[in-house]
Amino acid sequence: GVSSAASDVYKRQVEYQADRNLPYTVERSDDGAFVVEGPRIEKMLGYTNLDSEKGFDFFQKFLKQNGILDELEKAGISEGDTVRMYGLAFEYYK
């Protein structure tokens with residue numbers, strides 16, 4: 001009926017909303033590392049050279065401005081924990 005179609009559209013909008021507000025996921029892997037994934041992160045890593053100091057600073061700013069660092073802290077990350085993003089791994093320090 002009409003109502004189920006309407007609720008499907010609503011559900012899709014809610015999911016879209018959620019995706020837009022949180023363009024990434026933060027998960028804990030079995031080995032205790034924190035895995036962060038999302039299209040924006042993947043895109044950003046694609047055009048950032050993390051081997052250069054400037055690139056890494058830019059990357060860290062991106063994580064901070066997008067609330068990803070907050071999210072990791074909420075997930076219980078502590079100093080020295082490993083963060084993994086698309087083949088990139090680094091240790092977390094405040």
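Visitor: Which helix do Phe 56 and Phe 59 lie in, and how many residues apart are they?

Guide: In this predicted model, Phe 56 and Phe 59 both belong to helix H3, where they sit 3 residues apart, which is about one turn of the helix.

Visitor: Buried or exposed, what's the state of Phe 59?

Guide: Phe 59 has a relative accessibility of 0% and therefore counts as buried, whereas Phe 56 is partly exposed, with a relative accessible area of 25%.

Visitor: How many aromatic pairs does the structure hold?

Guide: There are 3 aromatic pairs in the structure. One of them joins Phe 56 and Phe 59, whose ring centres are 5.8 Å apart and whose planes meet at 50°, so this pair is classed as tilted.

Visitor: And why tilted?

Guide: Planes under 30 degrees apart would count as stacked and those over 60 as edge-to-face, so the 50° between the rings of Phe 56 and Phe 59 makes the pair tilted.

Visitor: What about Phe 59 and Phe 90, what kind of pair do they form?

Guide: Phe 59 and Phe 90 form an edge-to-face pair, with 5.6 Å from centre to centre and 85° between the planes. Because Phe 59 lies in helix H3 and Phe 90 in strand S4, this pair ties together parts that are 31 residues apart in sequence. Phe 90 is buried as well, with a relative accessible area of 14%, and ring pairs link Phe 56, Phe 59 and Phe 90 into a cluster.

Visitor: Changing topic: what volume does the largest pocket have, and which residues line it?

Guide: The volume of the largest pocket is about 250 Å³, and the residues lining it include Phe 56 and Phe 90 from the ring cluster, along with Gln 60, Leu 63, Lys 64, Tyr 92 and Tyr 93, among others.

Visitor: Which element gives the most to that lining?

Guide: Helix H3 gives the most, with 4 residues, while H3 (53-65), helix H4 (68-74) and strand S4 (88-91) each supply at least two residues of the lining.

Visitor: How does the lining divide into nonpolar, polar and charged?

Guide: The lining of the largest pocket divides into 6 nonpolar residues, 1 polar residue and 5 charged ones.

Visitor: One last thing, where is Tyr 86 found, and what is its phi?

Guide: Tyr 86 is found in the loop between strand S3 (82-85) and S4, and its phi is near 45°, which is a positive value in a residue other than glycine. With a relative accessibility of 35%, Tyr 86 counts as partly exposed.

Conventions: Residues are numbered from 1 along each chain as its sequence is written. This is a predicted model: local features need pLDDT of at least 70, side-chain atom pairs count only at pLDDT 80 or more; totals for chains, interfaces and linings use all residues. Side-chain values use heavy atoms; hydrogens and water are left out. On a 1 Å grid over the protein atoms alone, a cavity is a set of points where a 1.4 Å probe fits but cannot get out, and a pocket is an open set with protein on both sides within 12 Å along at least five of seven lines; lining residues have an atom within 4 Å of a point. Grid points are joined across faces, edges and corners, and a volume is the space filled by probe spheres set on the points. Ala, Val, Leu, Ile, Met, Phe, Trp, Tyr, Cys and Pro count as nonpolar, Asp, Glu, Lys and Arg as charged, and the others, Gly among them, as polar. Rings of Phe, Tyr and Trp (its six-membered ring) pair if their centres lie within 6.5 Å; planes under 30 degrees apart count as stacked, over 60 as edge-to-face and the rest as tilted. Buried means under 20% relative accessible area, exposed over 50%, partly exposed in between (1.4 Å probe, protein chains only).
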